[in-house]
Amino acid sequence: MVKWVYTFGDGAAEGHAGDRDRLGGKGANLAEMCRLGLPVPPGFTITADVCNWYYGHGKSYPDSLRDEVAAALDHVARLTGRRFGDPERLLLVSVRSGARASMPGMMDTVLNLGLNDETVAALASDSGDPRFAYDSYRRFIQMYSNVVLGLDHEVFEEILEDEKARLGHEQDTSLSAAEWQEVIRLYEARIEEELGTPFPQNPEEQLWGAIGAVFSSWMNPRAITYRRLHDIPEDWGTAVNVQAMVFGNMGETSATGVAFTRNPSTGEHKLYGEFLVNAQGEDVVAGIRTPQNITEAARIEAGSDRPSLQKIMPEAFASFVKIAERLEQHYRDMQDLEFTIERGKLWMLQTRSGKRTARASLKIAVDMAAEGLITRQEAVARIDPASLDQLLHPTIDPEAARDVMAQGLPASPGAATGEIVFSSQEAEEMKAAGRKVILVRVETSPEDIHGMHAAEGILTTRGGMTSHAAVVARGMGKPCVSGAGGLRVDYRTGTLTALGRTLRKGDILTIDGGSGQVLNGTVPMLQPELSGDFAAIMEWADESRRMGVRSNAETPADARTARSFGAEGIGLCRTEHMFFEGDRIVAMREMILADREEERRAALGRLLPMQRSDFIELFEIMAGLPVTIRLLDPPLHEFLPKTAAELDEVAALMDVPAEKLRLRTEALHELNPMLGHRGCRLAVSYPEIAEMQSRAIFEAAIEAGRKTGNAVVPEIMVPLVGLKAELDYVKARIDAVATNVMQETGASIDYLVGTMIELPRAAIRAHVIAEAAEFFSFGTNDLTQTTFGISRDDAALFLETYRQRGIIEQDPFVTLDIDGVGELVRMAAEKGRAARPGLKLGICGEHGGDPASIGFCEEIGLDYVSCSPFRVPIARLAAAQAAIRSARG
């Protein structure tokens, strides 16, 4: 019989940390904390399997689920001495989501469930604190009505703000029990007015409403967006955790908070977190009240005059510190903790591996390896390769003048400049128009996930270091300043006001997520220097890595950047990019317009010294490392002007009749140029182009070798080969040029001639092509296009729809299609090496910088991957992780 519900509490649990696929991260860790004997309120977890059942059976539940839930509630009742729905011995519960992967704020939670007009009086009597009881009930009504009944929370905020104004209160904590009763009356009246039915009073009805709402929230827009951004599969589902309530809002000896065992922004080994006295958990993350520091050291550093938890509740603080240390040692990772203190008694509500910035991730991994908590290989495996992109964000030049408008909290590091927008919709629209924006909000909510993703950075006037904006921004690697209370945001007028100055939508703003400063206008930035912990992780990664990592580069700037990031050569130099500047484009167009071979050779002769100079510089920068140079690939019409005005301008510049230029452009026009006269087909039609480029390569290799003392072994790549005869023809021209150059210079040249595998026929006939090719480089951009029959330039029109409807999991131009395109790559690799043992194999499409695709490259035994310069660190780390996984089997 399938088990749908797992209980935990009082030092025992039916699940454990290894059950996260079934129980979700929260449920598995609650069970594990119970097994460790930590103070955890008892409860039970409804498995994620029920979520999949729920969506697979018309939002219904398995037949046995209600009985299992009832039995689990009885289990909680035995442990607490209280019973759900019983006014005499009242048990209240929380209902929370808990997916396998952490999705902070993306799904729904309900607290204080079980309260109604009758049981609230019992809670007041039982606690001896009527104010607490009615505060808890109004919270429950507000949360349940929003999450389960679908009423906007602003309906209730408006009522509450009106009442506070009428009564002359600034803080929620100032309301008395009688005043909360009046707020509750107004809440219930509004609910009946809006929905036509009264607020539900039956605790069991409340419970199943909340369970259904949590399962339904798995498919809400913000959760769907978050899963898409973080590659979380839809079929994982979410579990539901039902847990006995403990109360942080029972007066001045109660509190609630969130903490990390190490600083999630910097990685510093210090307890980091915030709490609120006389509050419930949502108060901390919602930014309704400004939270206090947990430790005295943090309070002093922040310059806060509000007391720390260490100061006002020293016994609970001491217990919490011990538990935090124990959990970090147990899980061997930085932990994100949630806790509540009820009348001096500490309760643990959650532990999970904490989200952190890339910089913090590196420091934590390196420090833990130094502490002996993890091995170097484990440290390498801990870092998300894609997160290294965060380290490449600019920071503000320390010498720059700063026009500081406000000071907030440094919620997520990095700096960003952009136009002010006040809504997520505006952020998305302006991003789509190619404009950079800063999303400015009073506070963010999970509904803002798409706008935060579109923005360069996020600025909020409320909230602390563990607010929604801070946590989500850190996970995205976006700069964020939160809690900038000196700013006033007016959504209605679209203005941001501070220090007597007013900025409007579209005005330029800069935020510094490292210092918390909000700056007017554009501020000079500096690129980061990668050293220290980054260098240690890269060194350890290189120790574990089998595959080489090269870079795609054709300019000296790209090549130098690639080397600074640790590239071990150039895997793709696109020579056509060298022809679009100044005199070069003129000579190129002269060659294209030429009617006879002699004229073409004359024009190419003017290009030769330019190409040779380019290659010399690249060879010198690479200092003996391999450089793979692709011969001219695009169709010739790409070098010609497009519009009539451009034709006239170019014709005048070149001193040729405009009509001749127009006719030549028309003659070269193709209906489908991606599959047209390009690649090796150009070299067959116009071998003089390949000959000029080959001569430039060989002469540059000799010259660079003489200058640097490092022998240069160029790798010449012939593109778009589908037939061995094509490669034979072009290779013969290359070899003839090599012979001539060696005879002319008296120098000996070692070189390789290979091809890009970017057509399905080439993959299928790889064993034949390998007879002529000395290396294969998989051009997976075009191989994906030609395998799917999809134009990469047009695919964006429908691929996202395919993803949303479950037809594909990933954009095949971002992550390699293992089953189709990957199978062709695997086949070509196996066939090629069978025909030519030791055949050098690499990949040079965009997939060469994608961690998931790099894992596949390791699996099939490629020699190297090649990617854009700024993705070289990502590729080095991903290649190391793939090798570690392979070694572990």
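Entry on a strand bridge. I started with Thr340 and looked up its bridge partner in strand S13, which is Trp347. The model I am reading is a predicted one, and I keep that in mind for each entry.

Entry on the neighbours of S12. I then followed the pairing of S12 with S13 (residues 345–353) and noted that the two strands run antiparallel and are joined by 8 bridges. For strand S9 (residues 255–260) I found that the pairing with S12 is also in the antiparallel sense, over 6 bridges, and that Val258 has Glu338 of S12 as its bridge partner.

Entry on the hairpin. Between S12 and S13 I counted the 2 residues that separate the strands of the hairpin, and there I noted that Arg343 takes a positive phi near 50 degrees.

Entry on burial. I checked strand S12 (residues 335–342) for accessibility, taking buried as under 20% relative accessible area; 6 of its 8 residues are buried, so the strand is largely enclosed by the rest of the structure.

Entry on a helix pair. I turned to helix H30 (residues 780–788) and helix H32 (residues 821–835), which pack at an angle of about 115 degrees with their axes 9 Å apart, and I recorded that H30 passes H32 in a right-handed crossing. Thr780, Leu783, Thr784, Thr787 and Phe788 of H30 make the contact with Val821, Leu824 and Val825 of H32. Sorting the residues of this contact between H30 and H32 by class, I noted 5 nonpolar, 3 polar and no charged residues.

How values were computed: Residues are numbered from 1 along each chain as its sequence is written. This is a predicted model: local features need pLDDT of at least 70, side-chain atom pairs count only at pLDDT 80 or more; totals for chains, interfaces and linings use all residues. Side-chain values use heavy atoms; hydrogens and water are left out. Buried means under 20% relative accessible area, exposed over 50%, partly exposed in between (1.4 Å probe, protein chains only). Helices (H or I, at least four residues) and strands (E, at least two) are DSSP runs, numbered from the N terminus. Two strands pair if DSSP finds at least two bridges between them. Axes are lines fitted to C-alpha atoms, for helices over the stretch in contact, and angles run from 0 to 180 degrees between N-to-C directions. A crossing is left-handed if the near helix is turned anticlockwise from the far one by less than a right angle, and right-handed if clockwise. Contact means heavy atoms within 4.5 Å. Ala, Val, Leu, Ile, Met, Phe, Trp, Tyr, Cys and Pro count as nonpolar, Asp, Glu, Lys and Arg as charged, and the others, Gly among them, as polar.
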